[in-house]
Amino acid sequence: MTENYEVCHCMSVSYGDIEDAMHEAKSLGEVEAAFQKVQEMTSCSTGCGGCHDKVMDIIADMMNK
């Protein structure tokens with residue numbers, strides 16, 4: 001497991017928070033749909049939006065495991 005770190009500073013969302021949200025979204029096949037689900041559950045990338053690419057990278061990496 002990857003070390004837990006803060007990904008979204010505006011909303012205090014950690015890697016673990018994204019991982020938890022993805023656990024519930026395993027059936028989603030597309031990264032953008034998974035991002036929307038994670039965003040709904042954690043509010044990441046709804047502040048300044050600076051973490052968008054990092055969150056998408058994390059989701060894509062998790063879906064490829």
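The model is predicted, so local features need pLDDT of at least 70 and side-chain atom pairs count only at pLDDT 80 or more, while totals for chains, interfaces and linings use all residues. Residues are numbered from 1 along each chain as its sequence is written, and side-chain values use heavy atoms, with hydrogens and water left out.

With a relative accessibility of 13%, S45 counts as buried (under 20% relative accessible area; exposed is over 50%, partly exposed in between, with a 1.4 Å probe and protein chains only). Display its contacts (heavy atoms within 4.5 Å): beyond four places in sequence, S45 touches C8, F35, Q39, C51 and H52.

Next, inspect the backbone of S45, where phi is positive, about 60°, although the residue is not a glycine. Most residues other than glycine have a negative phi. Move to S12, in the loop between strand 1 (6-8) and strand 2 (13-14); S12 is also not a glycine and has a positive phi of about 55°.

Finally, select N4, in the segment before strand 1. N4 is partly exposed, at 46% relative accessible area. Leaving out residues up to four places away in sequence, N4 touches S14, Y15 and G16. A polar atom of the N4 side chain lies 2.7 Å from the backbone nitrogen of G16, and a polar atom of that N4 side chain lies 3.4 Å from the backbone nitrogen of Y15.

Conventions
Helix = DSSP H or I, 4+ residues; strand = E, 2+ residues; numbered from the N terminus. Polar contact = N/O pair within 3.5 Å; in protein donor to acceptor, adjacent residues only side chain to side chain.
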